[in-house]
Amino acid sequence: KQRVSLARAAYASVFSSSENNNNNDLVVLDDPFSALDSDTSQIVFERLIGGSATTGIEALWQDKAVVLVTHAPNLIVHRAITNIAVVVNGRCKFYGKWKELSDYSFTAQDDDDTKRAMAHIRSTIQEEEVVKEGSDNGIVDKKINEDKLILQSVENTDNDMSKNKIGQSVKEVTDNGIDDKKMNEDKLILQNIENTDNDTRKNKVGLIKAEQREHGLSDIRTWLLWFRHAGGFSFIFFQVLFMTLDRTLYVGVEYFLARWTSAANGPITLFGYTLPPQTDGLSAQKQYLLWYWITIPLSFLATFIRSEWAVTGGNRATRRVFYSMLDSVLCAPMSYFETVPMGRILNRFTYDTDITDITLTQSMSLLMI
């Protein structure tokens with residue numbers, strides 16, 4: 001879904017530029033690089049947003065305002081990123097440049113989640129910079145160690161709070177029997193949570209639409225649709241014409257062979273032309289062979305044209321169905337990809353296309369023969 005969304009945004013930008021349409025000056029991306037590996041996401045980011053000074057690649061959206069939501073800290077240090085907003089628990093805790101973020105000092109108003117998020121971003125990026133470039137002094141290493149200490153202190157605080165809660169619960173249980181009721185309540189809460197999760201899973205499963213399948217012989221509408229995509233009336237007309245010519249020449253060759261064998265005792269007449277009996281020697285045999293050499297290539301040619309016309313029509317029908325299906329999927333709303341499994345879509349474009357291209361064409365050729 002993310003890749004399709006990126007492709008749509010990129011094509012929309014190209015079309016708007018070609019048509020001198022300036023209505024698409026804003027691009028909003030909701031973490032599209034999470035569906036890509038690190039190398040591919042870096043390439044896509046440079047081609048669309050950042051560009052590359054080393055390779056001279058110009059970004060497709062260099063003249064547009066891009067709002068990028070991402071969980072990849074390595075992207076926010078790119079030179080194309082002008083401002084950074086750190087959102088924690090639905091609130092903007094920081095807004096500014098990367099230099100300001102790297103030098104940010106925590107205050108008493110910053111909660112543990114904010115400290116954890118900011119320290120994680122800075123330590124991740126600075127560790128990558130140290131790995132890529134190396135550090136000649138201990139300033140960067142000191143900063144990394146400070147951020148790691150902040151993360152460790154926050155985690156230790158959370159662990160201590162959890163241990164205190166557990167110790168308090170154990171103490172209450174051992175001191176009196178009232179906490180049996182509380183434990184039962186906790187079990188009920190856990191059970192309700194599990195039931196809620198199960199209901200959520202059922203709802204997600206319910207979103208998937210059941211696949212519609214038909215079994216048995218092909219419906220007449222399938223064949224009519226195939227003929228329409230294969231070329232319509234003109235395809236049917238020439239197919240009948242070539243089939244008639246093929247069968248006529250086939251019967252003509254068989255009829256000539258039957259007449260040839262009957263010429264052993266006397267002359268025969270074919271289409272107003274009299275052939276001598278075979279007992280006249282090689283001169284008579286040459287005339288029969290000449291007729292045979294003329295009719296056999298014509299029969300082969302008619303069979304080839306008839307078969308090639310049927311295969312070409314099947315290929316045309318498959319190509320039109322494929323492009324129609326591709327256009328429908330690419331233009332489908334995002335809810336379509338939420339309700340239809342990706343494997344089912346791939347199956348339509350692979351196995352079903354192969355069936356339409358080969359099996360259905362062969363069946364149609366046999367039907368017409």
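Two strands pair if DSSP finds at least two bridges between them. Strands (E, at least two residues) and helices (H or I, at least four) are DSSP runs, numbered from the N terminus. All the views below come from a predicted model, where local features need pLDDT of at least 70 and side-chain atom pairs count only at pLDDT 80 or more, while totals for chains, interfaces and linings use all residues. Residues are numbered from 1 along each chain as its sequence is written, and side-chain values use heavy atoms, with hydrogens and water left out.

**View A. Strand 1 beside strand 2.**
Here strand 1 (residues 26–30) runs parallel to strand 2 (residues 65–69), and five bridges join them. Look for D30: its bridge partner in strand 2 is V69. Strand 1 also has two faces, a covered one with V27 and L29, and an uncovered one with L26, V28 and D30.

D31 sits in the loop between strand 1 and helix 2 (38–50). Is D31 buried or exposed? With 15% relative accessibility, D31 counts as buried (buried means under 20% relative accessible area, exposed over 50%, and partly exposed in between, using a 1.4 Å probe and protein chains only). Its phi is near 50°, a positive value in a residue other than glycine. Most residues other than glycine have a negative phi.

Strand 3 and strand 4 run antiparallel and are joined by five bridges. You'll spot N89 in the loop between strand 3 (84–88) and strand 4 (91–96). N89 counts as exposed, because its relative accessibility is 61%.

**View D. F256 and the residues it touches.**
F256 belongs to helix 8 (residues 233–262). At 3% relative accessibility, F256 counts as buried. Which residues does F256 touch, not counting residues up to four places away in sequence? They are L270, L275, Y288, W291 and Y292 (contact means heavy atoms within 4.5 Å). Take Y288: it is 32 residues from F256 along the chain, and their C-alpha atoms are separated by 9.1 Å.

**View E. Helix 7 against helix 9.**
Helix 7 (residues 220–230) packs on helix 9 at an angle of about 95°, with the axes 7 Å apart (axes are lines fitted to C-alpha atoms, for helices over the stretch in contact, and angles run from 0 to 180 degrees between N-to-C directions). So helix 7 is roughly perpendicular to helix 9 (65 to 115 degrees counts as roughly perpendicular, under 35 as roughly parallel, over 145 as roughly antiparallel, and the rest as oblique). From helix 7, the contact uses W226, R228, H229 and A230; from helix 9, it uses A310, G313, G314, R316, A317, R320 and V321.

**View F. Helix 9 against helix 11.**
Further along, helix 9 (residues 282–330) packs with helix 11 (residues 342–349) at an angle of about 155°, their axes 11 Å apart. That makes the two roughly antiparallel. The residues in contact are F322, M325, L326 and V329 of helix 9, plus I345, R348 and F349 of helix 11. Sorted by class, this contact has six nonpolar, no polar and one charged residues (Ala, Val, Leu, Ile, Met, Phe, Trp, Tyr, Cys and Pro count as nonpolar, Asp, Glu, Lys and Arg as charged, and the others, Gly among them, as polar).
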